[in-house]
Amino acid sequence: MTQIILSNCCSFMLPGLLVRQALKKAEKALAKTPDLQFKDDDELLTWLENRSIIKPEPAAKPAKTKRMPQPTQASNKLKKSSNQTPPPSSQAASTPKKPTSWFKILLFIAIAAGLLIWQLMPTEAPECDSQQIQQKVIPNFASTKTTSSTPRRQADLREKSLLDDEPPTEYLYNALTEMVETQYDQQSRIRSCSAKVIYKANGNDENAEDITGEISYQIKPNQNGRFEIYLNGKDELIEKINDLNTGYKTQVVNHKRIKVAFLAGLIQLEKMIGTGKPSPYINTLPEKVTWIKIVDECQPDPEAPHRLTCPILVGYNDRMIKITSEPSDQLELSIDMPILVKEGNWYPTNGFFSIFLKAYSEARKEAKKDDAGTTENISKPGVK
């Protein structure tokens, strides 16, 4: 692998087949003696020449002297009569310079670059649990995507605090553990690994359990000799986490829709009763609601899936006057809230009125029984 990289790296500098062959021979010879060191370039080149890896530089041939013609009698006369001196260029021929050996220079640069790349390039794939691998694997699981929509609210309903619910449970990345090797191919330098990804459930859902997903990954070199990671099982695990987070967010949205539908039903019921505009000192039906709790998931009607039945508990202040209520004035209404889903909006059905009044009547009866029992116990001696 190193020799191929060196040849590709420096082939643009070494013209001719002879140079490439010499470079390959030099790399093989130097690879056998990695501890060998040279003082300078000439010592390296001499070492290569002695092993017939490169040919010694041919000695420069002496420059041929041109044969001058014999001067004639006429020319001698002219030479004697002339007092002019010849130009400097014609007095003496310059000594020919020794031609530069570009082959040796380029070969030395190629060998030096090749040795440097060979030393810096890792010979084996990184370990499965190395810090380098963890930094590349963890970001793939440390973030998830969730989507949610906000239900439409009516302006004449109770204040925001009554409609609010607990934050949704959300699965967040916690740890990457048990990063172990499953196989290693010495020839291809491919290391196969497995690991576990842990997501913790953050929220108030006591039934939500942590999720541990199993993944596998390979560490193998690319065309440039650098090691890359190829994950298996990532998409399936992230899709599972995203679906759970989206489900919890949708659940919170639906809880708000149930509360809105319940309060809207009370507003309609009050209009049907025809009490008119109440006194500012008197509680309206929606104002008597102190809290709403969703007991269980809504169940669709088998014959009409767009109709739902949602079990809820409602705290209800039975006092008419707007003063601080006593504990005995607080009723707990158990209601199977009937809801109609139409074009994405949730409405109370016509059956809500009778269902609410029945739940209110039963809650008052239970409260009276409790009051009667408490009065009887107080009247008996020794009962506190």
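Two residues are said to be in contact when they have heavy atoms within 4.5 Å of each other. Thr 169 lies in the loop between α8 (160-163) and β1, where helices (H or I, at least four residues) and strands (E, at least two) are DSSP runs, numbered from the N terminus. At 6% relative accessibility Thr 169 counts as buried, a word that stands for under 20% relative accessible area, with exposed meaning over 50% and partly exposed the range in between (1.4 Å probe, protein chains only).

The structure is a predicted model, in which local features need pLDDT of at least 70 and side-chain atom pairs count only at pLDDT 80 or more, while totals for chains, interfaces and linings use all residues. Residues are numbered from 1 along each chain as its sequence is written, and side-chain values use heavy atoms, with hydrogens and water left out.

**The whole protein**

The secondary structure comes to 10 helices and 9 strands. Of the 384 residues, 30% count as buried. Among contacts with a separation of 6 or more, 65% are between residues 24 or more positions apart. The protein exposes about 26400 Å², of which carbon and sulfur atoms supply 52%; such accessible areas come from the Shrake-Rupley method with a 1.4 Å probe, and for residues only the protein chains shown count as cover.

**Nonpolar cores**

A nonpolar core is a set of buried Ala, Val, Leu, Ile, Met, Phe, Trp, Tyr and Cys residues joined through side-chain atoms within 4.5 Å. The largest one has 31 residues, of which Phe 262, Val 289, Leu 333 and Phe 356 touch the most other members. Two or more residues of this core come from each of α8, α9 (234-273), β5 (289-294), β7, β8 and α10. Not counting residues up to four places away in sequence, Phe 356 touches Phe 262, Leu 266, Leu 269, Tyr 316, Leu 333 and Ile 335.

The C-alpha atoms of Leu 263 and Leu 285, 22 residues apart along the chain, are separated by 8.7 Å.

**Salt bridges**

A salt bridge is a side-chain nitrogen of Lys or Arg within 4 Å of a carboxyl oxygen of Asp or Glu, and by this rule the count comes to 5. The table gives some of them.

| Residues | Distance, N to O |
|---|---|
| Glu 127 and Arg 191 | 3.9 Å |
| Glu 178 and Lys 196 | 3.6 Å |
| Arg 364 and Asp 318 | 3.4 Å |

In the salt bridge of Glu 127 with Arg 191, Glu 127 stands in the loop between α6 (102-120) and α7 (131-137) and Arg 191 in strand β2 (residues 190-202), 64 residues apart. Glu 127 is partly exposed at 44% relative accessible area, whereas Arg 191 is buried at 4%. Glu 127, Glu 181 and Arg 191 are linked in a network of salt bridges.

The salt bridge between Glu 178 and Lys 196 joins strand β1 (residues 170-185) to strand β2, so the pair ties together parts that are 18 residues apart in sequence. Lys 196 is partly exposed, at 26% relative accessibility.

In the salt bridge of Arg 364 with Asp 318, Arg 364 belongs to helix α10 (residues 352-379) and Asp 318 to the loop between β7 (304-317) and β8 (330-342), so parts 46 residues apart in sequence are tied together. Arg 364 is partly exposed, with a relative accessible area of 35%.
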